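Please take a moment with the sequence and the structure shown here before reading on.

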Amino acid sequence: QTPLIQKKKIISSILKKKIYLIFMSSLSAREAVLKLSTLNISEKNLNYIVSILVECCIQEDKYLNYYSQIAEILCKVSKIFKKLFEIAFLETCKTIFRYKINKIKISGNFFGYLFSTGSLSWICFSNMIITILHSNSSIRIFLKYILITIILILGK
């Protein structure tokens with residue numbers, strides 16, 4: 001590898017570490033978003049925030065609303081983040097079959113929260129075909145937890 005590629009990988013890993021540490025050290029979602037805003041991340045690297053946030057959320061033993069609140073704030077502050085989280089949702093739908101049941105449940109809760117708060121557009125569901133032939137049990141469980149979360153939040 002060329003020195004330029006190696007330098008970019010090092011910078012990328014340092015940025016990812018900083019983002020991760022912000023999520024782990026912040027006491028509230030607002031504090032985390034404020035700290036993220038001080039990083040001055042370029043638009044092409046904003047996807048790191050989204051992917052690390054989703055990954056941090058599903059790595060927990062149980063669903064923590066904290067991560068969803070960060071995502072909600074980011075989506076409502078920036079259309080770019082809204083689009084990136086919609087892409088993350090679609091990617092999760094494609095790869096959900098790889099997850100264990102607890103991670104599926106947590107992912108469903110995370111995205112369900114975002115749909116229920118209006119942070120994500122319902123259009124994300126427009127390309128989904130949910131039949132026995134076109135889906136697997138993982139995607140159906142994922143959607144079940146999305147819908148349960150939406151009902152719990154909007155039913156209040």
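Accessible areas come from the Shrake-Rupley method with a 1.4 Å probe. For this chain, which is a predicted model, the accessible surface calculated in that way comes to about 9500 Å², and 62% of this area belongs to carbon and sulfur atoms. The charges can be described by their mean positions: those of the 22 positive and the 8 negative charges of the chain lie 3 Å apart.

Turning to the fold, the chain has seven helices and zero strands, so that from the N terminus on its elements run α-α-α-α-α-α-α. The radius of gyration is 16 Å, close to the 15 Å that the globule rule gives for 156 residues, and the chain is therefore as compact as a globular protein of that length. Taken along the principal axes, the box that the C-alpha atoms fill is roughly 50 × 40 × 30 Å. Among contacts with a separation of 6 or more, 72% are made by residues 24 or more positions apart.

In the interior, buried residues make up 43% of the 156 residues. The largest nonpolar core has 47 residues, and those that touch the most other members are Phe23, Phe85, Phe110 and Phe111. Helices H1 (3-25), H2 (29-37), H3 (46-59), H4 (65-77), H5 (79-95), H6 (101-116) and H7 (137-154) each give two or more residues to this core, with the largest share, 10 residues, coming from H3. Leaving aside residues up to four places away in sequence, Phe110 touches Leu53, Val54, Cys57, Tyr63, Tyr67, Ser68, Ala71 and Phe85.

Terms used: Residues are numbered from 1 along each chain as its sequence is written. This is a predicted model: local features need pLDDT of at least 70, side-chain atom pairs count only at pLDDT 80 or more; totals for chains, interfaces and linings use all residues. Side-chain values use heavy atoms; hydrogens and water are left out. Helices (H or I, at least four residues) and strands (E, at least two) are DSSP runs, numbered from the N terminus. The radius of gyration is taken over C-alpha atoms; the globule rule is 2.2 Å times the number of residues to the power 0.38. Buried means under 20% relative accessible area, exposed over 50%, partly exposed in between (1.4 Å probe, protein chains only). Contact means heavy atoms within 4.5 Å. Lys and Arg count as positive and Asp and Glu as negative; His and the chain ends are not counted. The place of a charge is taken as NZ of Lys, CZ of Arg, CG of Asp or CD of Glu. A nonpolar core is a set of buried Ala, Val, Leu, Ile, Met, Phe, Trp, Tyr and Cys residues joined through side-chain atoms within 4.5 Å.
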